[in-house]
Amino acid sequence: MIRWAAAFVVVAALAGPVWAVSDPGEMLANPVLERRAEAIGEQLRCLVCQNESVEQSDADLARDLRRIIRQRVVAGQSNQQIIAWMTARYGDFIRLRPPLEARTLALWGAPVIALGVGGAVVLLARRRRPSAPPPLSAAERQRLMQLLD
Amino acid sequence: MTPELGHFALALAVAIAAAQAVLPLMGAHNRDARMMAAAPALAVGHLIALATSFGCLVWSGVVDDFSVFNVAENSSSTEPLVYRITGTWGNHEGSILLWCLILACCGCAVAAFGRNLPSSLRARVIGVLGFTSAGFLLYALTVSNPFLRVWPPPMDGQNINPLLQDPGLAIHPPVLYAGYVGFAIPFAFAIAALLEGRVDAAWGRWVRPWALGAWCLLTGGIALGSWWAYYELGWGGFWFWDPVENASLLPWLAGTALLHSAIVVEKREALKTWTVLLAIGTFSLSLCGTFMVRSGILNSVHSFASAPTRGVFILVLLAIVIGGSLLLFAMRAPVLAASGIFAPVSREGALVLNNVLLCSICAVVLTGTTYPLIAALLFNAALSVGPPYFHLTVVPLLVPLFAAMSVGPTLPWKRADLLPALLRLWWAAALAALVGIAVEAGLGRAFAAGGFAAAAWLITGAFAELVERVRLFRVPLAVTRARAAAQPLSVWGAAVAHAGMGITVAGIAGMSLATSTIVSVAPGSTVRLGGYEWTLLGLHDAPGPDYTARVADLRVTRDGRQVAMFHPSRRAFTQQQQTVSDTAIETNLVRDLYAVMGDERNGQVVLRLHVNYLAPWIWLGALVMAAGGGLSLADRRLRVGAPARRSAATVPA
Amino acid sequence: MDAITRRRLLMLTPLAFAAAAGGGFWGLLMRMQEGSYDPHSLPSMLVGKPLPAFSLPGQPPSEGFSNLDVIAQGRPTLVNFFASWCIPCIEEAPTLMQLKDDGVAIWGIAYKDKADATAAFLQQHGNPYVRVARDEPGRVAIDFGLYGVPETYVVDRRGMVRLRWAGGVSDAVARGTIAPLLKSLAR
């Protein structure tokens, strides 16, 4: 489940490649590793231009962080380890995808909670309203046709 | 002199708006025909005063009157005339004035086009609009005054942010604000109905055109904003789920739910409470969104330089408007008589599902946008919520919504059988499955496959109701054609609008397949990308009115044939000491060629090149959606009791 | 309770939500005004933790230093990241000189700066630092969690970071925040 979700995140993050105009020399030679590095970068917030991801931003700090990500990807570290390294220095703020923990339960649970509340409202409303009469049976329908003729 | 005139006109507008608030509402309460009849005149007077005030502000910008602090801060003499005019609303004070101006236009629109409304309802609607206007005008006059002077006047203005000197900026705010503020009219209708104590089919029919009009404008405004970010900011994306973007999406979601809910009130007199609440909620979200971003408590790229003290005034104003209307709702809504009964599986049922899903998406986006604030307040933590969160939470809710979008309109009212309805759509489902499988097999990209399948389902399913109604392939073609011509425009409108959504989804799916590269090249070299050859022909300088630009000449060819010749550039603005990249985009409406210029080093220049497949469809789809809304608006049935003059086309503000 | 009143209570939920939201909005506005809330600022992850391990070359004529050197002093210290290209650094220079005159030990790290530019900066605006090191690649700064210059870290005698001040240290901040903290740490 988690792996599927992680793959979804990677795929969702790739729903539109967005990069800064920086040094083409930054990019890794291996395209698979480069894509992985980009996916990680797109999950981190640039702290200077705070409304871009590290991958998109032109800021110096973003460039440094991109370089660090690529070094660590080449060194074989996992996505989790790299993001943990970043979080250890900059806190949860750098994560564009908030961690799933006790204090973000309401956040991640929002879709389910919203649907639940919506469903509850609908059910409550239906219970209040007198229900529609049941559909006619075949015999009743025949009788109705007779009466109407 | 002109600023003084503007200032005076603003104060006058406050007074007239206050009168517009009090007199008609009192008149409706006491059934005083004369006071109620004063409403339209007051609305017109209000508009004239405010238009004068706004005109004076624009004039001050045009003639470079730097003694006006607002002009000195945001304009400059080297700025082209167009941007001096449009820069009026590129800053906080000017944009508030624009907001108020549009609100005044709303009052006038109701006065002009609402002659068929019962006088008490019309008086109440205009009164509520006046009340809201008076509040914001008071804000503009006291805490956020655009006519403040600076003495001695500086020699030149400080020039607006070079990023904002763009034709997109000229139209994006007015269209967007027209959408935001346009929902004040359904809001006023809701309050008027609650005051009156009655919501009926006629009310539903009156509210819908105004909600539709505002929705069309808001759709346009959001699309313009997204398109502007795409071609101006140059990061190759079009939506970052930034708080200010979400602030425009929230009323759009609630407004879409309102539109659909109002249909049920009109046709079946059911869902009254929900519709009234949505009408209040949509405008409340408009208000909250705009002002939350301006107050500075949100971390957003769209920050105006605002002070927390202004935030307090706005908060009090919002508390009165939103709190007051929700209190009225709590008191009066329970006595609204519900009538229409319907089975869970029916068109009403589908619209209820639509409501629940849209409101859930709205709730999720609201939660994500405000969670950093909640975390700061409750846990003293610095959290941030970005695109990955929204993709993971909104997309799963979109799946049932898209499924229902094509099925719902084919269901009959009151009671329906689900299985026959689903079977009738077999062709849409088959096409969607085919497309999805083809894309997955051919390209291996799951997101794009899902997206294209959804788009196929939406576009073909959009016309399902029409196909049913004209009995396509089941009766002779001539009969079909006659039936098609006889269909009310709102049926065509709905089909076109739903198809438009499908086009946008296709655009987003196509964008996910985009290829790009960053290269460092010298003039004369060629790069291969996306099946095209991109050749850098040369670099040269080009001066502009307040900048100097370095321009790259790029030629794109395919199989030897020239496809495009375009010129990304970097502009260095002398006064602001800022360098901005000017993205070059070459579109053939099916794919975009996108180029951004970076630094130059040792005779080589860094270029980022993209081939964005189907990107134009994202915004074309939004245009089609708005066109569908427009078609629905043109439906004769919506102009109930319209004056006998044939030429009257009821398109609200 | 009759049906209508029960429905009224139910219908009050949107208002309750709105009121809670309004209250929250108000709370944040108040905090923004008093300065305890800034949506753009980051809390430092180092506060309450030891200095990260680092070792940097010196800005001539000063020797370089490592985190151990700072701890070896055995007294509360300021570690200040600065750069010659940074305007708030120029603005805070007099305040830092004043702190130095008051006997505070400040160790400086030049962030992403060329040696001659840093030398010129120190020449022009004064050198308040016990030692000046150079972090030209900027990697040590990342270990500190730096996201802009200038930044000042208050370190106690055992090498634990007690405070991070992002942005220029004004006289008001020096007097009201940093000096009292240093005094409490010295006891």
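Where in chain B is the place of B:Gly107? This glycine sits in helix α5 of chain B, residues 92-113 (helices are DSSP runs of H or I, at least four residues, numbered from the N terminus). The model is a predicted one, with local features needing pLDDT of at least 70 and side-chain atom pairs counting only at pLDDT 80 or more, while totals for chains, interfaces and linings use all residues. Residues are numbered from 1 along each chain as its sequence is written, and chains are lettered from A in the order in which they are written.

B:Gly107 is buried, with 30 other C-beta atoms within 10 Å (buried takes 20 or more other C-beta atoms within 10 Å, with C-beta atoms placed from the backbone). Leaving aside neighbours within four places in sequence, the contacts of B:Gly107 include B:Gln20, B:His46, B:Ile126 and B:Ser133; a contact puts the C-beta atoms of two residues within 7 Å. B:Gln165, by comparison, is 58 residues away from B:Gly107 in sequence and 32 Å away in space, C-alpha to C-alpha.

As for domains (bounds come from an automatic or database assignment), chain C has domain 1 (3-34) and domain 2 (55-186), with C-alpha centres 46 Å apart.

Technical notes. Helix = DSSP H or I, 4+ residues; strand = E, 2+ residues; numbered from the N terminus. Buried ≥ 20, exposed ≤ 12 C-beta atoms within 10 Å, placed from the backbone.
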